[in-house]
Amino acid sequence: MADRFVWINGEFVPENAATVSVFDHGLLYGDGLFEGIKAWDGKVFKLREHIDRFYDSAKFLGINLTQSREEMCEIVLNSVAMNGLHEGVCYIRLVATRGKGDLGINPRKCREHPTVYCIAASIQLHPEELYQKGLKCIVCATRRNSVQSLPGSVKSLNYLNNILGVMEANRAGADEGIMLNLEGYVVEGTAENLFFAKNGVIHTPALHTGALAGITRASIMEIARRKGYELHEGMYTVFDIYTADEVWMTGTGADLIPVVDIEGRVIGNGKPGPVFTDLRSAWLDYVNEPDHHSIVPSRESVLAGG
Ligand code: PXG
């Protein structure tokens, strides 16, 4: 396969030449932020929303990006184009760190510009059969970050709680973990938002529980409202999800995926339910609506322009 090209600090270079310093504070302290963005067949889903969230995380962390939002959109589109990923599913990882500093956490030590890079590649978070069968989940002992220290909507380079949650799920032989906040309210999966349906009404944990303001979450909420479902954002305990008729997760990596078992409690009849199935079919149309994606240019036009 041809070399992958990575955009880093202003230029496209072959993957092996895309390097960051061992003094980069993103690596030393997790001092940075990221976005996970998806493209289908050369169409990047909700690019502007992802870029806006990226800038919100940067603003929260006080990392001053020198690129404009429009330039950042172009970097993402060109990264897909430069790697010829115009067909199939492509996953894009945009990363910014505080930049290179010295061996002290103080951000003032980072005198140069932030490190910014963009990778376009393919990933699959869950094997295909799980989309039909549904996920078996545990409830993690590790809690989601407290909103009092790191609000859930900051997509920072600190994913250790979530990683510990994934490790718990792995050890338990489960497919995924559900994370609670310090008060014991349900927040989300380890890299997905969570929804449930009970008696035809849809619920999802409110953002103040500590959940990430997921772009897939917002899309599913829009679809549910369009379809006339009653929808609530609230504070829910494990009781609510154990006894739900249907549970599912949403995320850029995972897409929409049903949950059929939580801590040994079978959800509904143990199969993907009617509300999920209805939303999923509408979702497939939704992603193709012209307002919801940006078109990847040809590789030739990027090379000619650059
Ligand atoms: N919660 C958390 C904690 C996340 O990290 C979501 C919810 C879903 O948000 P979006 O905007 O994607 O609907 C995420 C998303 C990965 C990976 O590399 C992580 C995410 C997305 C894609 C891949 O594991 N996080």
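View 1. The side chains of Glu129 and Lys133 form a salt bridge with an N to O distance of 3.1 Å; a salt bridge is defined as a side-chain nitrogen of Lys or Arg within 4 Å of a carboxyl oxygen of Asp or Glu. Because Glu129 and Lys133 are 4 residues apart in helix H4 (residues 128-133), about one helical turn separates them. Helices (H or I, at least four residues) and strands (E, at least two) are DSSP runs, numbered from the N terminus. Across the whole structure, the search finds 16 salt bridges. The model is predicted, with local features requiring pLDDT of at least 70 and side-chain atom pairs counted only at pLDDT 80 or more, whereas totals for chains, interfaces and linings use all residues. Residues are numbered from 1 along each chain as its sequence is written, and side-chain values use heavy atoms, with hydrogens and water left out.

View 2. The protein chain comprises domain 1 (5-123) and domain 2 (129-286), with bounds from an automatic or database domain assignment. Their C-alpha centres are 26 Å apart. To the contact (heavy atoms within 4.5 Å), domain 1 contributes 24 residues and domain 2 contributes 20 residues. Between them the domains bury about 1,600 Å², of which 66% is on carbon and sulfur atoms; buried area is the accessible area (1.4 Å probe) that two parts lose on being put together, summed over both.

View 3. The interface of domain 1 and domain 2 holds 2 salt bridges. Asp255 pairs with Lys38 in a salt bridge whose closest N and O atoms are 3.5 Å apart. On the side of domain 1 that touches domain 2, helix H1 (25-29), strand S3 (32-40), helix H2 (47-61) and strand S5 (89-97) each supply at least two residues. The largest share, 8 residues, comes from S3.

**View 4. The ligand surroundings.** The ligand is surrounded by 21 residues (a heavy atom within 4 Å), the closest being Tyr159, Glu188, Ile215, Thr216 and Thr252. An N or O atom in the side chain of Thr252 is 2.4 Å from an oxygen atom of the ligand. A polar side-chain atom of Arg53 lies 2.8 Å from a ligand oxygen atom, and one of Lys155 lies 2.9 Å from a ligand nitrogen atom.

Note on methods:
Polar contact = N/O pair within 3.5 Å; in protein donor to acceptor, adjacent residues only side chain to side chain.
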